[in-house]
Amino acid sequence: MNPEKDFAPLTPNIVRALNDKLYEKRKVAALEIEKLVREFVAQNNTVQIKHVIQTLSQEFALSQHPHSRKGGLIGLAACSIALGKDSGLYLKELIEPVLTCFNDADSRLRYYACEALYNIVKVARGAVLPHFNVLFDGLSKLAADPDPNVKSGSELLDRLLKDIVTESNKFDLVGFIPLLRERIYSNNQYARQFIISWILVLESVPDINLLDYLPEILDGLFQILGDNGKEIRKMCEVVLGEFLKEIKKNPSSVKFAEMANILVIHCKTTDDLIQLTAMCWMREFIQLAGRVMLPYSSGVLTAVLPCLAYDDRKKSIKEVANVCNQSLMKLVTPEDDEPDEPKPAVQKQAEPSHDDSLAKQEGTAREGPDGSCDSTFSSSINVFPPASTERAPVTLHLDGIVQVLNCHLSDTAIGMMTRIAVLKWLYHLYIKTPRKMFRHTDSLFPILLQTLSDESDEVILKDLEVLAEIASSPAGQTDDPSPLNGPDLRASHSELQVPTPGGAGLLITSGTKGLECSPSTPTMNSYFYKFMINLLKRFSSERKLLEVRGAFIIRQLCLLLNAENIFHSMADILLREEDLKFASTMVHTLNTILLTSTELFQLRNQLKDLKTPESQSLFCCLYRSWCHNPVTTVSLCFLTQNYQHAYDLIQKFGDLEVTVDFLTEVDKLVQLIECPIFTYLRLQLLDVKNNPYLIKALYGLLMLLPQSSAFQLLSHRLQCVPNPELLQTEDSLKAVFHTQRADCPTIDYAELLQHFEKVQNKHLEVRHQRSGRGDHLDRRIVL
């Protein structure tokens, strides 16, 4: 510093002392400056006051010499003390050079700067609030200072500033929030602690409504919650807890929509504390905001659904996530569906962009379950719809929800409970918003069928509930061809033929409408036949599924849908099955279910008497497919009490190729005859006169069997027949048969027998072609 330079009104002694390396001498100079400034204040000499402050700032506090800077700092503090209440007029000139020294490399100088600013703020009190942002910015840097003395000094200044803010009602929160939002993302633990402490203070001030600006800082708070320091995490927990309490007290003033996406992001984090806290917030948001959260449902589901599969190590998160899931599901109501009335033509023309965009989204979704989940989310799902400040009607973004559910159901690595939750959501949506959901059925159908191969019975049960709802919902019924069915399905419908009640034993071709049901049962929608066709295709391609879960799936479907519809449609489809071995296996499975399952009790009773045109039609339909398996055909005749026809069939068995599998099935039929299902048949053995063909049929089975346990079982049963009247005359037999046939005169049994022979010839040819034994084709049944 130039000693000859004029620093007036500062005397040379003051200047010399300010530049001294000893603190005591600089302190004496500060006292002289204080005395000098007091005189200027008394004289109201603002020009000289400004000159003193400017000199201390430019020539000392911002000097290149460290001792001069120290002198300038203590001199500025002395000026502030001398000015007293008037210091507020000169705060900018007093504060700025001090804050500059906060960045000095010398820790002692940073400490003196902190001390000087403390004195300046202590004198000015509330007058410093207009400069709060620069003070806060400087303090946030000192909070992370490595020197303990500097940090200690900054803490004193910090407490003083907090007291001032707490006492004042002139704090500019709007101007402070941008700085707080910036500083809250600091990674330094001391800076984070500093930020959290200030948020706690501001939250405690009654006149400051920090809740209005919570969306600005919520993300940063959740990031601080993941800090490695336990103390900081605890402080952040307290802050978030206080905010949540205030949200519960004043939900009407909370900007739920602006914070929904923030919570979604942190609900998916790997940090347990952050995830649990975010999930608790999400639970409160859904319960407090209600339908306001509906536009964010797809994002919420991406966060909540994976948590439902957590084990006991994350039990708390799982429980809260389950509440979130249930609460969100309850928000979806029938009002979210399309109206029943078709839209006017003018309105449809006015909304081409919506329909086009929907078609594009559905097209993306139809790329199938093989598409990766990531690509689906990145290209199609708007997980985070923009928040709107206008009070527009809340709409359910069903496209995004369905794609999220589809993606989670397609992910084989996802947990069982998550898959169950996804299926519950789909079922709920089909119940509440069926018309909207049927737009997405084509994309959902393949993955729903694939889910039938799941390892969990619970998953399969829920999956069947969804498929059953799709197959039976009135919203899925279409009167005329539409993209909903697709050309493939329409073609399948036109080929499928159903027996009519009036033309017993005859097949007719019907149109798409009404074809999907038996005349005696409620009408299923357009997806019912598609479901049956694809289910049988799946059984055909996955034989293990048929063996392990086939009976279970069909029995459950019989509970969820109409059993007659299911058997009628499957029998009709199997009639055209090209894979004869599969057709035989499938018929055997269906027959076993029909004869043994409690779910089929009503259908069995319907088939027992064949007194109605509907039951006769069903029998003819089943019979034609049952012909793929000779033994099951006989068992069907036993069930329907067509004993003479059963006897006629058994007579044809002599012309068939008797294999081990064939004899095994005869063995199983004998076992079935001894079961409660055929109690009525065994009792009819007491009436030999009116049931001669029943006894003949049973004797025929006995003659087919080798000397086995089944042979002994049936032989013992026939020995119990009270009086062998099989030797009665042919005329009496005809009279008995005539009485017997009178119950169902519309059935053409000769035609049915001819159909049986045709089917068995096909099976024989296929077996011979596979084995290469074409020389035995002469053993075919001669028509």
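Visitor: What makes up the secondary structure of the protein chain?
Guide: The protein chain has 39 helices and two strands. Keep in mind that this is a predicted model.

Visitor: How many of the 783 residues count as buried?
Guide: The share is 52% of the 783 residues. Buried means a relative accessible area under 20%.

Visitor: What does the accessible surface of the protein chain come to?
Guide: About 36100 Å². Carbon and sulfur atoms account for 51% of that surface.

Visitor: Why is the pair Arg-192 and Asp-227 called a salt bridge?
Guide: The cut-off is 4 Å between a side-chain nitrogen of Lys or Arg and a carboxyl oxygen of Asp or Glu. The closest N and O atoms of Arg-192 and Asp-227 are 2.8 Å apart. That is within 4 Å, so the pair qualifies. Side chains of opposite charge can pair when their charged atoms come close.

Visitor: What makes this a link between distant parts of the chain?
Guide: Arg-192 and Asp-227 are 35 residues apart. Arg-192 sits in helix 10, residues 189–204. Asp-227 lies in the loop between helix 11 and helix 12.

Visitor: Are Arg-192 and Asp-227 buried or exposed?
Guide: Arg-192 has 9% relative accessibility. Asp-227 has 6%. Buried means under 20%, so Arg-192 and Asp-227 are buried.

Visitor: How do you know that Glu-599 and Arg-555 form a salt bridge?
Guide: Their closest N and O atoms are 3.1 Å apart. The limit is 4 Å, so the pair counts. Glu-599 is in the loop between helix 29 and helix 30, and Arg-555 is in helix 27, so the bridge ties together parts 44 residues apart in sequence.

Visitor: Why is Arg-555 called partly exposed?
Guide: Its relative accessibility is 32%. Glu-599 has 18%, under the 20% cut-off, so Glu-599 is buried.

Visitor: Which salt bridge joins Lys-652 to another side chain?
Guide: Lys-652 meets Glu-757, at 2.9 Å from N to O. Lys-652 is partly exposed at 22%. Glu-757 is buried at 8%.

Visitor: How many salt bridges does the structure hold?
Guide: It holds 30. Some share partners: Asp-137, Lys-141, Glu-182 and Arg-183 are joined into one network.

Visitor: Why is Arg-538 called buried?
Guide: Its relative accessible area is 18%. The cut-off is under 20%, so Arg-538 counts as buried. Arg-538 belongs to helix 26, residues 526–541. Leaving aside neighbours within four places in sequence, Arg-538 is in contact with Leu-449, Gln-450, Ser-453 and Leu-545.

Visitor: Which residues have the most contacts inside the largest nonpolar core?
Guide: They are Leu-221, Trp-281 and Phe-638. This core has 244 residues. Helix 14, residues 272–289, gives the largest share, with 10 residues.

Visitor: What does Phe-638 touch?
Guide: Residues up to four places away in sequence are not counted here. Among the residues Phe-638 touches are Tyr-643, Leu-669, Phe-678, Leu-694 and Leu-701.

Visitor: What share of contacts joins residues at least 24 apart?
Guide: It is 73%, among contacts between residues at least 6 apart in sequence.

Methods: Residues are numbered from 1 along each chain as its sequence is written. This is a predicted model: local features need pLDDT of at least 70, side-chain atom pairs count only at pLDDT 80 or more; totals for chains, interfaces and linings use all residues. Side-chain values use heavy atoms; hydrogens and water are left out. Helices (H or I, at least four residues) and strands (E, at least two) are DSSP runs, numbered from the N terminus. Buried means under 20% relative accessible area, exposed over 50%, partly exposed in between (1.4 Å probe, protein chains only). Contact means heavy atoms within 4.5 Å. Accessible areas come from the Shrake-Rupley method with a 1.4 Å probe; for residues, only the protein chains shown count as cover. A nonpolar core is a set of buried Ala, Val, Leu, Ile, Met, Phe, Trp, Tyr and Cys residues joined through side-chain atoms within 4.5 Å.
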